[in-house]
Amino acid sequence: MTGRQVAVVGAGPAGLAAARAALGAGAEVTLIDAARQLGGQYHRTPPEEYAASRPEALQHGWPAFAKLRRELLGHPRCAWWPETSVWALERRDPGQQGPPRVHLLRGPADGSHRVRQILEPDALVLACGAHDRVLPFPGWELPGVFTAGAAQTLAKGERLMVGEQVVVAGSGPFLLPVAASLVEAGSRVLAVLEANPAAVLARGWSRKPWQLAAQLGKAGELIDFTGQLVRGRVPFRTGRTVIEARGAGRVEEVVTARLRPDWSVVRGSERTLAVDAVCVSHGFSPQLELPVAAGCALRGTPGAQFVQTDARQRTTADGVWAAGEITGIAGAPAARAEGAVAGWYAGGGSPAARALPALRRSRDQGRDFAARLARAHPIGAAWPGWLGPRTLVCRCEETDYATLCRAVQEQPGAAARTAKLATRAGLGPCQARVCGPTVTELAARLRGAAPDAVPADGLPAAGPHHRPFAQPIRLGELARPPEPPDAAPEHHGA
Amino acid sequence: MCGTRAVVVGAGIVGAACARELALAGFAVTVVDRGGAASATTAHGEGNILLSDKGPGPELELAKLSRQLWPQVLAEIADRSASGAESVRAVEWEPKGGIVVATTAGGARALARFAAGQRAAGVRAEHLDAGQLAAIEPLLTRDHQAAVYYPDDAQVQPAAAATALLADALTFRCELRTGCDVLGAVTRGGRLIGLRTSTGLLEAELFVNAAGPWAGEVAARLGAPIDVRPRRGDVLVTTPLPPTVFHKVYDADYVGAVSSDDGGLQTSAVVESTRAGSVLLGSSRRRVGFDDRLRPEVLAAVATKALRLFPVLATASVMRAYGGFRPYVPDHLPVVGADPRLAGLWHAGGHEGAGIGLSLGTAQLLRALVLGRPAPIDTAPFQADRPAVLGQTSTQEDS
């Protein structure tokens, strides 16, 4: 036993692997997730009261997951804290070592009795995952338009059908499992529309086919999902997308159109389909508010940023490791490998451990896969072509495209922060989680290259991920003093 | 003054207001900021334009002048052009009035004395009985001892206000350079004649240091240090709510906190709605240098005090918090005037949390001083040539 206290945030594939590896290294682990069940979005299962007879029906790699879950829940050094969210990370005083204090809210999110708790771990593993990125289009605010992730959550978690006649559109391999979940839940999927043309997909996926073969888990999933789709006879079309949703009060039809490789619309190719739901995904945005709050440096370009890690999955913040989709969108196998490496080192494991080289290889293969994924499913530069002046770019604050254009083009010296305050885009309840990357990208295009601001002491960069409150917290909850950690209901076993 | 060149350092609300006054007076103005316009302290406050928190004295006189100027200046900008009118709409000028509530008997006595002094100095301050208070602020706690209504308190969206002032200045001979950091001074014969900046040399006849909490650093780089320090304040923002809070409502402790010298944490409740429906909850004051870290216990203290005024907010969700650094001078008075050591350098700042409200009056005083004309109020209390500004007082060190 190393006696190190490790907090793992996120109980998806990366977090679960991190917890297991940290336990293997001898640490005490607190595994934290906002959901009631282990598994994250990837292994989402209906709540127990649904008493699903075959929870594995919508699952992949179920036996391995079930075994890992038993192992973690039964481990004497593992505390599982479900329905727990991190609302703030408090960095240490300058000169002090160690990860930030972890401020938690425990209890059902819709209940009124959540309590505050504070953890002061020796190491923090962030495995917060990603959420759907959705590009705006006219009518995307209508009821009946779902992010693909939300639709999948409803299908997998609640066995709810989002609609009877559904179109799935966007880009990326996630469209397929979403369509499969919808079919399983009873929807009729009229079409799966991949915006990138077949040639782009082929170039991205087959440049080095042996790399894909090495990523067998992922490839297996793809083949499996595609098989289910073929059996259900769902048409899969490339180079086409939904450019508008219409309806009185909710979605009644969508307009689809053929796209060129840059995602400009081929005029005259528009077609109308009667639907009662549409599910959209244009890839994933990593959930970076906690890494940013912890002080982790990011890498990548604006709009496509990830947490920077070293070969041991360490971030630039002392005592903080990162794994899974926040370091790159690479699928579950890579997330597991990263989680295992992160958990091992966070738990104080020896760098000489025999399993590490294989894990690192698996992680590196995952990173290759991520690069291929990005190549095969780029977001075409001409997508703003389908925006109209009245198209909402921020749904919470109902900021339309014309308002954003005016604010960015007319304001003297408009800094990102000022444009945000002027248009209110990103200031609503979602706090730019949905529209942030889009608004950042559109503003950068409209403004042209802005001179870089010289960083000032004490002013955090006005990045889209700077969100001091990682979760909304009720004033009453905030005002009550935190409970001591020991007073918490323990979830050993279960 | 046609053609005389002026450089304003800082594109926050005070810099924007000064640039506008100087441009109106015929100067050729360049505004520089190392970040973007209106993106630092100005974008991290509530947009207060208050008379209610100021006791009789020079700051109250400046506040009265500014309060009178706000509607006038906004009307001028709106009348100038369609885009001016558009920018003024974004300012969300709201003369909503303020209510100060005392929750203890001692607080009630102090509030009554304070309000009487203000009335003698020409401030409208009306005592409210419990029934009147409940009628105009129905969700406020009934558990209070006294309340005073200040009809002249107002609120703006501060970044939009600075942007409107700056945009108006830019319609005259005025230029804005963002991403431009001031590095040092070029002097000749003891006179400041240029700034070395990250984007090159800037020559002018007149330089205004309006760098807010960074004014001390800018002044030091120019070889004429002044004692302006950052004092941090945090504000909580709720998700949009149905109408709950109708005025700017704060507890009587606030007045004590504003004028306090204590470097430690001070909190008092300030509660108000924005036009978008969010409720803003302040306020805290801490001297922590430029430490931008979130402090959950500070926010918890703010929440606790706000709930004492509005228990109904217990179930409201806070979706974000923002912290800003306010420029703090040890004697709590703004600095407006010429630097006593370096000719050509002027200072306009040190307003702590009142800079939004006081910006317009400050700019008008600066213009009068620069032109050698009579000012509408006495400027002597604000001069830079005083011990507190020149760092000659000893106060508790920043922690």
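Predicted model: local features only at pLDDT ≥ 70, side-chain atom pairs only at ≥ 80, totals over all residues.
## A helix pair in chain A

Helix H1 of chain A crosses helix H9 of chain A in a right-handed sense. H1(A) covers residues 13-24 and H9(A) covers residues 332-346. Their axes come within 6 Å, and the crossing is at roughly 30 degrees. Angles under 35 degrees count as roughly parallel, so H1(A) is roughly parallel to H9(A).

To find the contact in the structure, look on the H1(A) side for residues including A:Pro13, A:Leu16, A:Ala17, A:Arg20 and A:Gly24. Across from them, H9(A) contributes residues that include A:Ala332, A:Arg336, A:Glu338, A:Gly339, A:Trp344 and A:Ala346. Sorted by class, the contact between H1(A) and H9(A) has 14 nonpolar, 4 polar and 3 charged residues.

## The domains of chain A

Stepping back to the whole of chain A, the domain assignment gives three pieces: domain 1 (5-130 + 285-349), domain 2 (134-282) and domain 3 (384-447).

Domain 2 and domain 3 of chain A touch each other, with 9 residues of domain 2 in contact with 10 residues of domain 3. On the domain 2 side of this contact, 7 residues are nonpolar, 1 is polar and 1 is charged.

## A helix pair in chain B

Now over to chain B, where helix H2 (residues 58-80) packs against helix H3 (residues 82-91). The angle between them is about 145 degrees, and their axes are 6 Å apart.

H2(B) brings B:Leu74, B:Ile77, B:Ala78 and B:Arg80 to this contact, while H3(B) brings B:Gly84, B:Ala85, B:Ser87, B:Val88 and B:Val91. By class, the residues where H2(B) meets H3(B) comprise 6 nonpolar, 2 polar and 1 charged.

## The domains of chain B

Chain B is divided into domain 1 (5-77 + 158-228 + 331-382) and domain 2 (98-151 + 229-328). If you compare their C-alpha centres, domain 1 and domain 2 of chain B lie 28 Å apart.

How many residues does each domain of chain B give to the contact? Domain 1 provides 24 residues and domain 2 provides 29. On the domain 1 side, the elements giving two or more residues are H2 and helix H7 (215-221) of chain B.

Conventions. Residues numbered from 1 in each chain as written. Chains lettered and ligands numbered in written order. Axes fitted to C-alpha atoms, helices over the stretch in contact; angles between N-to-C directions. Helix = DSSP H or I, 4+ residues; strand = E, 2+ residues; numbered from the N terminus. Contact = placed C-beta atoms within 7 Å. Nonpolar A, V, L, I, M, F, W, Y, C, P; charged D, E, K, R; others polar. Parallel < 35°, antiparallel > 145°, perpendicular 65-115°, else oblique. Left-handed = near helix turned anticlockwise from the far one by under 90°. Domains from an automatic or database assignment.
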